[in-house]
Each structure stands twice: as structure tokens, then as C-alpha cells.
Amino acid sequence: MIEVKDLCFTYPTGVEALKGITLTIDDGEFLAIMGQNGAGKTTLVKHFNGLLKPTKGEVVVDGVTTGEVSVAQLARKVGFVFQNPDHQLFCETVEEEVAFALRNFGFEENAIKKRVDWALNLLDITQYRQTSPFMLSGGERKRVALASVLAWDPQVVILDEPTIGQDHQQKEKLRQFIVQLNAQKKTVIVVTHDVEFVAECNPRVVLMTEGKILAEGPAEEILTNQKLVAQASIVPPQITQIFLGLSDFGLPTNVIDVHEARRILLDILEGAS
Amino acid sequence: MVLTGPSGCGKTTLCRCFNGLIPLFYGGKLEGEVVVAGCKVVEHSIYELARHVGLVFQNPENQLFALSVEKDVAFGLENLAVPRDEMRKRVDWALQITGIEDLSERPPHELSGGQQQRVAIACVLAMQPDVMILDEPTSFLDPVGAQKIFEVINELNKELGITVILVEHRLDLASKYANHVIVMDEGKVVLDGEPRGVFNSEKARLIGVGVPKATRLYQILGENGIRLGRVPVTSEEAASLLREVLKRD
């Protein structure tokens, strides 16, 4: 469990990035943090593995106050995949990259090999095992970064903009994998602008603006609230937009999923004819 | 034109052929011919091609290097020896149109990913090229910010006649501005046409193109025997087509 209590953070430059955040994230939860550029989303999640320490307030991960332990101690429990893979990748081959953290954590060579194989296969990059990450496409580099964190099987996985550069099939695989992690009681926290991805996953959403939490709740509640969405500089999913445009027919306006949309429309049209 | 296709299919590689980075910078073996704005790419240097073709990189950090945003935006114009007054005008225009005037004195490497993407776009805009290539230019931007950028690009296309090539996966956001879509797969162009036809094709489905949800809803309803008048790409189109069907009943 992650508990954030009245968290404030000011960067050394004087920028006040977080202004009193209180939030509880349970084990096995899937949480999406959304909101405009500069709202403090990345700053907030950097507190979960101790990369940043609170200026005021506290963050407690599984009973441990982050201010009292090192990033290295927290890393085993909390894995963080950066927004820009180039900030994370540095090894000569994809294989070494994925094995790096495992070696640091002192895994046996046998276990390392198994976990690397597993992670490469999961992210569909086995064919690049001996390739330099820097020879890969943007989307593929992003998947190497993901593999290198998932390999050590952390209890909490933080993914900063995981869908950047990913095609539809890769996004669908990512969604299924997150569902699996949740089933194993692992916590997944995603920072994203990808409204359509969130609409497909329907996680709990925390909406941020100017260093504060604007609202939180299920995706179908938050993403269909036009006022909140506009305040957070995001746009409703396309299916929601369609249903908002049909509200005078008495259709519900809280629809985010295409299959739910089909069901509602079929009920009305088949009921009428 | 929107260029899309599975991750790793060659979209970025193709874009690098348009301004001569391939083969002049990246090397490798190139066959066939690329002609951009009347210039055969292999017969010109990158700096000559840069007058005609502007490329906004996927990762803005690979493009920005100056000590202030303003200097970065002016850099291309300095190289083209644009007169000072004209340069001033174009830099201000590009900063204003991308909404980053207040960042003009800031060092680009200290900005957020979304802000850097705006700077990278401003750098290329200032050059006013004939062809603008944008490789996932809004991936770090929030949806409203992304929409604003797409609208600016759309205006440049309509008003200045700049050819725009947009590499995108988020088709729900980008499609409404496109009149031409190309889908690549495994290093080849596999679909090439106007958006409705491409998105609604069996092939797009098989390759796994994430077609706009409006198009997807049209397809799913069709499978259930409900036919809308035409293939929608935007939510507005889908809503008005559904409106007709709902009224009929």
C-alpha cells in the first residue's frame, strides 16, 4: 500500500510542483494519473520510489517512510519506467540492459537468464537480444525500458507514459499484462495522456492540475465529466464525445467503451423496430 | 498525410529518407529514388534539402541544443542567412503560434517533454519549409495541447499550402485533419488512400491499426446489422450519422 499524506514538493529552482497531495493506493490497484503538462504527475510518482523526497508531508510505501530509506532500498519493491527511454537505457545490448538490475539485486546467473528470457518474450523483443538499444525504433526502446523493470518483478510498477510510440496491438498486450499483474495483487500506476488507452482499461483515475488533485474516481465517471476533463486539459474519449452529442435522445452520457456503446445502441434500435 | 503502422515497421526510417539524413548521415544501402520538392534527395546536401523539408524528431532532446529557446528557433534561419529583421519576425511568430513566448529565454534542456516538443515544432515552423515531417510530435503533450498543435499544423497546411507528413499512432486525435493515410508494415507501404477507405479495410484490421473509435463503432454496429450512411472518422460524424438512424426509428 502507498499512502501519501499532505505531500508538498518544491524544486531547488523554487518551482512549487506539489501543493498538498493526499492519496491512498491499495495493493493490486490499477491507477491512472492524468492531467495537463506541468500538473505535477511525474513529480508525484517520483516520490513513490524515493527519487524525490517530500518538502513537507510524507509518503509511506508498505509501512516504510520514503524519506528514511535510499532509492536503492525502495527499488526492489517499486519499479519505475521513465517517460523517455533514452533517460534509462545505457547498456550495449538489449540483453545486458534487461539483466543489469537483476545483477545489481544479486540474482543467480540461472535466474537472471530465465527472467531476461521471460521479459524479452513478454515485450516481443527477443529478436533484438544482441542489438544495441540505440539501434531500435522509439517504440521498441520503450519496450526495452519496460522489460528491464518488469524483469525483477517489483510489487509496484510505475509506468510514465507507457503507450508512447506503441501501436494498437502493443497497447492491447500492455493492457492484458496490467490485468495479470493486478490479479497477482501487484499495484500498477500509470501516468498518461492517452485517453483512449484509459477508456479501454477503465482504471481508477486521479486527475491533477497545478500540483493538486482535482478529482478521483472510476475512469467512466471522471472521463465523462466534461467540466473536470476541460479543467485538466484532456479531451473525453471518442465514444464519450459521440454519446454527449446524442444526449437529447435520452442516451446515457457516461459511456467510454465501444462495446458498451454497441449494447446501448442495439437495445434502443432493436427495441424500437 | 498521416503515416502509421506497427512499431518498428519503418516509419521513422522513411521520414529520414525525405530530408537526406538517409543516406547522407545514417549511411546504409539505399536503392530506388526519392524526389522531394523537385529535388532528387541523393543529389543534394542536407543543408540544401533543409530549405524545403523540415523534420520534427520523435525525441525532441535529439534536436534541441542551444542555450535558449529563442536561439534554438533562430538557428535554422541563421544558417539560411535570413536577414535579421525577418529572422526576428519569424522567430516571434513561431514562438507565438506554438504558445511558448514566455519560454523564449529558458534553456530547452530544462523544459518538460511537452514543452520541448513545442520548441522542436517552432524550430521547424520558423523555417517555413515546403514539406513538414512530424514524427509523433505530440506524444508528450496533454490531449488539449496536442489538439492545439494539430490545429496549428492544419492551418499551415490550408493557408500556406505546406505539405504535412504526420507519423502517428493516436489516430483518434489526428485523423480528422488528414486527407491521405498511408499504413506501413514490415518495411513496405501496405495501404494508401483516403482515411475512410483505409481505416475501414480488412487489411487495416489484420495489421492491427488502431482505427478511430468512431470507425470501430461503425464496424461493430454493421456486424450487428445496423448500417450507418458512411464511414465516420470523427466523433461529430459518428454522432450525426447515429442521429439519422435514431430518428428513423
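**Reading chain A, one feature at a time**

Visitor: How should I read whether a residue such as A:Asn104 is buried or exposed?

Guide: One counts the C-beta atoms around the residue, and a count of 12 or fewer means exposed. A:Asn104 has 12 C-beta neighbours inside 10 Å, and therefore counts as exposed. Please keep in mind that this is a predicted model.

Visitor: Where in chain A is A:Asn104 found, and how far apart in space are A:Asn104 and A:Ala199?

Guide: A:Asn104 belongs to helix α3 of chain A. Between A:Asn104 and A:Ala199 there are 37 Å in space, C-alpha to C-alpha, while in sequence they are 95 residues apart.

Visitor: Is A:Val98 buried or exposed, and where is its place?

Guide: The cut-off for buried is 20 or more other C-beta atoms within 10 Å. A:Val98 is buried because 30 other C-beta atoms lie within 10 Å, and its place is in helix α3, which covers residues 94-104 of chain A.

Visitor: Which residues does A:Val98 touch, not counting those up to four places away in sequence?

Guide: Leaving aside residues up to four places away in sequence, A:Val98 touches A:Val116, A:Ala119, A:Leu120, A:Ala147, A:Ser148 and A:Ala151. As for A:Arg115, its C-alpha atom is 8.8 Å from that of A:Val98, with the two residues 17 apart in sequence.

Visitor: How do I read the pairing of strands, and in what sense do β1 and β4 of chain A pair?

Guide: Pairing is read from bridges between two strands. Strand β1 (residues 2-10) and strand β4 (residues 56-61) of chain A pair in the antiparallel sense over 5 bridges, and A:Lys5 has A:Glu58 in β4(A) as its bridge partner.

Visitor: How many bridges join β4(A) to β5(A)?

Guide: There are 2 bridges between β4(A) and strand β5 (residues 64-65) of chain A, and the two strands run antiparallel. Here A:Val60 stands opposite A:Thr65 in β5(A). The hairpin of these two strands has 2 residues between them, and A:Asp62 takes a positive phi near 50 degrees.

How values were computed. Residues are numbered from 1 along each chain as its sequence is written. Chains are lettered from A and ligands numbered from 1 in the order in which they are written. This is a predicted model: local features need pLDDT of at least 70, side-chain atom pairs count only at pLDDT 80 or more; totals for chains, interfaces and linings use all residues. Helices (H or I, at least four residues) and strands (E, at least two) are DSSP runs, numbered from the N terminus. Two residues are in contact if their C-beta atoms, placed from the backbone, lie within 7 Å.
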